[in-house]
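Here is a short briefing on pockets and helix packing. Look over the structure first, then read on.

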Amino acid sequence: GGTAALVRMREDVLAALADDPDLKALDSDFVHLFSSWFNRGFLVLRRIDWTTPANILAKIIRYEAVHTIRSWDDLRNRLEPTDRRCFAFFHPQMADEPLVFVEVALTREISGAIQPLLEIERTPIAAGEATTAVFYSISNCQKGLKGVTFGNFLIKQVVEELKCDLPALKTFVTLSPAPGFMAWLTRELDAPASDLLAPETAALLRERALPAADEDARKALASAAAAYFLLAKTPSQRAADPVARFHLGNGARLERINPDADLSENGLRRSGGVMVNYLYDPETIEANHEAYANRGRIAAGPGVRQLLRTDASRRTA
């Protein structure tokens, strides 16, 4: 139990850092140690399904960080149907503790909204009929392993697993939140003038409440989201959105922006209802990763780039 005890100890260190900066050195030691102990060679990929032991299923419910699992029926709906999959990484020294897990919907097309995927009363399709795998939730489970990366390995290995199991699958995308979008948009709209938003876009969004109630508002929201994803950058010239940084850094392409995709309270508060499809194309992952890592260039589909209004698109994306 020593490995688990040290992971819990680091949780305490992270909680105390704000009040005791001297703990930063200890925290750095933890990150160095865990990066070695939890490297990809030690991780075990396991499928989570309705026959998985109940103690692990209970942890899946507790650790779900993107779309809250509200009941055991809700969990069953995400695990048991023929068109649903869930995979998790485990470590041999923490056999009953998932480190990170991903939930997958098997569909006939790229999904642009989360509620239909989570609907309990929906009619499942046969797995063999699916052509698209939609990764709609990725949750890190261990706070003590913050800064130790697992998600990039998980997605790529699950893609390979699904391709072997279901040869009809041709498209692998995420349906991801935009957790920093509303905070950014609020700052841009509160400013006298925005360097990134077209004036007509800003003016319309100042007038309208969310969720976007008409087509003009939806177009304006999508245009603002395109500016956020393609133009808003951190001081190190990386994408401003943390989820975007993760997927772009993995070599995915920003494929589609979907307004009114998550109408839950949390989705509206953090993302304005916007969700994003990131495309994982095995043939371009490496080139996209290199372009982003070396030059900060964001791989994006033509439909996303077309969302930028003329005023904003003068900036190089």
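**Pockets and a helix pair**

S4 gives the most to the lining of the largest pocket, with six residues. This is a predicted model: local features need pLDDT of at least 70, side-chain atom pairs count only at pLDDT 80 or more, and totals for chains, interfaces and linings use all residues. Residues are numbered from 1 along each chain as its sequence is written, and side-chain values use heavy atoms, with hydrogens and water left out.

**Largest pocket**
- Its volume is about 1300 Å³ (the space filled by probe spheres set on grid points, which are joined across faces, edges and corners).
- A pocket is an open set of points on a 1 Å grid over the protein atoms alone, where a 1.4 Å probe fits, with protein on both sides within 12 Å along at least five of seven lines; lining residues have an atom within 4 Å of a point.
- The largest pocket has 46 lining residues, with Ala65, Val66, Ile138, Ser139 and Asn140 nearest its centre.
- Elements giving two or more residues include helix H1 (2–16), strand S4 (132–140) and helix H11 (265–271) (DSSP runs numbered from the N terminus: helices are H or I, at least four residues, and strands are E, at least two).

**Helices H3 and H4**
- The axes of H3 (residues 54–63) and H4 come within 11 Å and cross at roughly 100° (lines fitted to C-alpha atoms over the stretch in contact, with angles from 0 to 180 degrees between N-to-C directions).
- H3 and H4 are therefore roughly perpendicular (65 to 115 degrees).
- Ala54, Leu57, Ala58, Ile60 and Ile61 in H3 meet Trp72, Leu75 and Leu79 in H4 (heavy atoms within 4.5 Å).

Key:
Parallel < 35°, antiparallel > 145°, perpendicular 65-115°, else oblique.
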